[in-house]
Structures are given as structure tokens and as C-alpha cells.
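Please read them alongside the coordinates.

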Amino acid sequence: MNRIDLHTHSCCSDGSCTPTELVELAAAAGVGAIALTDHDTVAGIPEFLEAGRRHPEVETVPGVELSTMFSNRELHMVGLFIDPETPVLTAFLEEMREGRRRRNEQIRLKLNTLGFPVTWDDPAFAGASSDSASIGRPHFARALMHKYGFPTMQSVFDRLLKRGCAAYVPRELPDPARAIEVIHAAGGIAVWAHPVYRERNERAWAKRIMRRFSPLGLDAVEGYYSMFGPQETALVLELAGLYHLAVSGGSDFHGANSPNIQLGSGAGGLLVPPELLNGLKARCVARRAAVDKPGLP
Ligand code: AMP
Ligand code: MN
Ligand code: MN
Ligand code: MN
């Protein structure tokens, strides 16, 4: 195994590949372990694990990505090695998706007022009526791209959907401590995703979050990420050492929905060392002993 990728999205949230396709891409790219970490849903996990059984050369790690809010900023927690059938987790995810449904309706109304009507039967929202689908702004971006000729999804975000724009609607998000608790209840470990993502003053922010949430059960941080250069990785690894956190890494692959990011290699220079898996699994074994969910991940 020469590389791993512990952060990817399927079409069960805002990626464009099926869970099976993700495993096939991993096999073709020589990615030895891949985690499926859809936003607010575990609907893709059974198919993902099934595909993993057909590709024993790829280790499949069940995961999820939870958005949280702290100090008026979004902070994303990836859960790895989760048991997707844990009732505490499934109830939490249902609550998150219900919040999304309310917000999506508000976004639709705003777009209507702004002269960009979209309807739920647009192909971009395929599956939106299913309870397990995690529909969000990227689906709106795709619908608007097709219907109104925006050149890229990014251009729709910049014109309408990102914070500060006319069709932006904030989500009601939980505290990171709650997300950590839910991930632990599901037998998983909590990884702070892209700790220096689209933010300034990264060092002070990253230190503040790790200092606060490490005693509250944060297990790891993403030190390897598509948008990181050597400096970001060095910063995150240094702080991980300081706060006794394990290190994870992944591409945040979304398929055609972020065309510049490849599975396993990100924007080209990403290489998540396979050795990281051992440290993450060791954390997981320790956590599971504490929540009475024994067994190796
Ligand atoms: P949502 O969960 O509905 O708020 O959508 C968040 C997702 O939209 C993220 O996971 C990204 O995939 C994408 N996204 C968020 N902000 C931006 C942005 N400024 N530009 C492009 N994509 C974005
Ligand atoms: Mn996304
Ligand atoms: Mn994220
Ligand atoms: Mn992600």
C-alpha cells in the first residue's frame, strides 16, 4: 500500500460517484485504504463495504462528515471506523438532515425571489425525496449551472450561495463536542477535518480548537489534505504533537463536483502516508473499550 485516502464523498451526499465507483477508483489508483465520509448520511456505507469485499486490496473504512459551529465558524468533524447502525448516530443524522430540508426550502424561496427559480424535480436533486439523502448547496449549484448557464459550481457559490450572498441561508449546527460524542457512541474516532481550510490566522485558530477539544475527546486532525502545501502539513503535524492527537488525511474527493481533485492524489501533490492508519486504529481501540463497543475496527 503506497497511499491512503480517508476523506471522500459519494452521490449519497454531494459527490458524483457511487460508493462502488469510489472503491473501484481507489483500486485503480493504488489507494490501499479509503474512507467514505458523506455529509450527514451513512446511506452509502453498506454498498461501500460490499464493494470493498470484492476488492480486498482496498481497505474500506466507514465514515461520516458532520458540520458543527464554534465561535461563529464552521468546523467539520469526520468520524472514522463508525458503526453506521448505531441508534444514537442515526437519530443525530436524521436531525441534521431535517435541518437541511428546512434550510433547502428557504434557499429555494430566496432563489425564486432573486429570479432563479429551481424545482425539486431538477435532476441535480435526484434522490432528494429519500430520507437518507443529504442535499445541500452543491446540489443547488449544479441545478443553477445547468438551468442558468453558470460556467462552474464555484461561480454559483460566488454569485449566490456562499456566506454573505443573497441566497445564503445559515444552517443551525451543533457544537463540536456533541459531534465528537455521537462519533464515539458509534465506536468511531473524531477527526477535525481541514483544520486550516479557507481561514486566516490559521495557527492561532488551530491551536485554540485543539487545546479546547482534545480534552473533550477529539482524536485526530487532518494533516494531509488536497489544499495543503508542505507548510500547512508541517503546522498541523506540529500542533497534533503538542496536543497529543493522531493524524489523518484525505483528498475530500467529490468526483465531477470538484473536478480538480483526484481520489488519492488530490490536486496532484497529495500523498497520505499509509502508516497513519495504525495510529488511528490504536485510538479507535482505546475509544471502543471506553464505550463498551469492543473489537478491532
Ligand atoms: P452545505 O453543507 O449545504 O452548507 O454545503 C457545503 C458544501 O458546499 C461543502 O462541503 C463544499 O463541498 C461546498 N462549498 C462550501 N462553500 C463553498 C464555496 N465558497 N465555494 C465552493 N464550494 C463550497
Ligand atoms: Mn462537500
Ligand atoms: Mn468539510
Ligand atoms: Mn468533505
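**Notes on ligand 1 and the cysteines**

1. Asp14 has a polar side-chain atom 3.3 Å from an oxygen atom of ligand 1; a polar contact is a pair of N or O atoms within 3.5 Å. The model is predicted, with pLDDT of at least 70 needed for local features and 80 or more for side-chain atom pairs, while totals for chains, interfaces and linings use all residues. Residues are numbered from 1 along each chain as its sequence is written, chains are lettered from A and ligands numbered from 1 in the order in which they are written, and side-chain values use heavy atoms, leaving out hydrogens and water.

2. Two further pairs involve oxygen atoms of the ligand. The His39 side chain places an N or O atom 3.2 Å from an oxygen of ligand 1, and a polar backbone atom of Arg137 is 2.8 Å from a ligand oxygen. On its own, ligand 1 has 500 Å² of accessible area (Shrake-Rupley method, 1.4 Å probe), of which the protein covers 84%.

3. The shell around ligand 1 holds 13 residues, counted when a heavy atom lies within 4 Å. The closest are His39, Arg100, Arg103, Arg137 and Gln154. By class, seven are charged, four polar and two nonpolar.

4. Ligand 1 lies between domain 1 (4–93 + 173–290) and domain 2 (103–161), because both give residues to its shell. The bounds come from an automatic or database domain assignment.

5. There are zero disulfides, meaning cysteine sulfur pairs within 2.5 Å. For Cys11, the nearest cysteine sulfur is that of Cys12, 5.2 Å away. Cys11 is partly exposed at 41% relative accessible area, whereas Cys284 is buried at 0% (buried is under 20%, exposed over 50%, partly exposed in between; 1.4 Å probe, protein chains only).

Notes. Polar contact = N/O pair within 3.5 Å; in protein donor to acceptor, adjacent residues only side chain to side chain. Nonpolar A, V, L, I, M, F, W, Y, C, P; charged D, E, K, R; others polar.
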